[in-house]
Amino acid sequence: MKPTRILLPALIAVAIALTAAAPHHDTSVGAHDNDSTNLRLLYWNIQNAMWSGQCDGYRDFLEFVKEQNPDICVWAEASTNYRTASAERITDDAERHFPAHWEEFAARYGHPYVYKGGHRDNFPQVITSRYPIENVERITGNADTVVSHGAGWATICKNGHNVNIVTLHTWPQRYAWNVGKDARKADAAANGGDRYRRTEMEYICRHTISTRPGADTQLWMMMGDFNAISRLDNRFYRLPADTSAFLCHDYVLETTPYIDVISKKYPDSLVSTIHGAKRIDYLYCTPPLYNCITRAEVIRDDYTTPRRDPQKLSNFWHPSDHCPILVDFDLSRLD
């Protein structure tokens, strides 16, 4: 099917003008006082910067974010990669609505601060916040280890508490990064992708939390689309214990003080974060921050539940192929 070409900036400009008439989604997860000691985090892989929302100028997406009333948002896949209602790739960066317009868009849901992590391809992560964001390191890797979609390490401060935020999005394929086309089938059969995700995870952790002595007593969160499953969910997957599929998360669980928030909060459930029965989006916290959590959930409702694009365009879903994760922290527990 030949994709329909629609001029993206012009269409979005018209649609944005209609945003005030946005319908109300009944997606509220509870009251949140952003002036209190509470801190609300909303993480979501928004598939190609909410490709689904380009037709309505991101009206429904904006309404959803406003209803959640987050203090911090972390968006994975925060770059516009395809033309509206089309699987035609955008090749001119000047035609991408995001990431150039994140500041403008975030301001509309009350976030004056925007941070973009290491941006080495068109799948960066973006943090928006009510509070100033300080960059520590934008991570893209080095000559030996390329962090395929980049990562970021930033901090915010609330009520005198410094919170470290690490964002990531690991390599998605079964074969390893930079494997030539002729070798990809064999490399996939050897689970090269699993091993590459492990390599990325080692690099990211060694350049973030592992650089800080006493990190287990500090406030750290790490989140993103890991494109990998965890052995903490293996009671549902029932895979061999030595499968390479667990390599990425094994490194986190075995070498860092991070706690897998969703697994810990829902020990008897496989809480899927995508359209199928699989969890590949994770939020990790160090013990002091984990102990501040008052609620943590994957939002799957009438708006956020992934629905396959009816035209079967590429692998597009509405509103995304992932579900958002929302977490509330009560920082008064630190005092």
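Start with the rings: Trp-44, Tyr-58, Phe-61, Phe-64, Trp-75, Phe-98, Trp-102, Phe-105, Tyr-109 and Tyr-303 are linked by ring pairs into a cluster. A pair here means rings of Phe, Tyr or Trp, taking the six-membered ring of Trp, with centres within 6.5 Å; planes under 30 degrees apart are called stacked, over 60 edge-to-face, and the rest tilted. By this rule there are 23 aromatic pairs. One of them joins Phe-98 and Phe-105, with centres 5.7 Å apart and planes at 75 degrees, so it is edge-to-face. Trp-102 and Phe-105 also form an edge-to-face pair, at 5.9 Å centre to centre and 75 degrees between the planes. Those two residues are three apart in helix 4 (residues 102–107), and so are separated by about one helical turn.

Before going on, the ground rules. This is a predicted model, in which local features need pLDDT of at least 70 and side-chain atom pairs count only at pLDDT 80 or more, while totals for chains, interfaces and linings use all residues. Residues are numbered from 1 along each chain as its sequence is written, and side-chain values use heavy atoms, with hydrogens and water left out.

Phe-105 has 3% relative accessibility, and Phe-98 has 1%. Across the protein, 57% of the 335 residues count as buried.

Next, helix 3, residues 59–68. Helices (H or I, at least four residues) and strands (E, at least two) are DSSP runs numbered from the N terminus; the protein has 10 helices and 14 strands. Eight of the 10 residues of helix 3 are buried, so this helix is largely enclosed by the rest of the structure. The buried ones include Phe-61 and Phe-64, along with Asp-60, Glu-63 and Glu-67. What covers them includes strand 1 (38–45), helix 2 (47–50), strand 2 (72–76), helix 4 and strand 14 (325–330). Glu-67 has a relative accessible area of 14%, and its C-alpha atom is 9.3 Å from that of Tyr-109, 42 residues away along the chain. After helix 3 comes Asn-69, with a positive phi near 55 degrees.

Now the cores. A nonpolar core is a set of buried Ala, Val, Leu, Ile, Met, Phe, Trp, Tyr and Cys residues joined through side-chain atoms within 4.5 Å. The largest has 34 residues, of which Ile-165, Met-221 and Phe-329 touch the most other members. Beyond its neighbours within four places in sequence, Ile-165 has contacts (heavy atoms within 4.5 Å) with residues including Ile-72, Val-74, Trp-153 and Met-223. A second, separate core of 28 residues includes Cys-205, Met-222, Cys-248 and Tyr-282.

Last, which residues of helix 6 meet helix 8? Among them are Arg-198, Met-201, Glu-202 and Cys-205, and on the helix 8 side Leu-247, Cys-248 and Tyr-251 take part. The axes of helix 6 (residues 192–206) and helix 8 (residues 247–255) come within 7 Å and cross at roughly 30 degrees. Axes are lines fitted to C-alpha atoms, for helices over the stretch in contact, with angles from 0 to 180 degrees between N-to-C directions. That makes the two helices roughly parallel, since angles under 35 degrees count as roughly parallel, over 145 as roughly antiparallel, 65 to 115 as roughly perpendicular and the rest as oblique.

Key:
Buried < 20%, exposed > 50% of the residue type's maximum accessible area, 1.4 Å probe, protein only.
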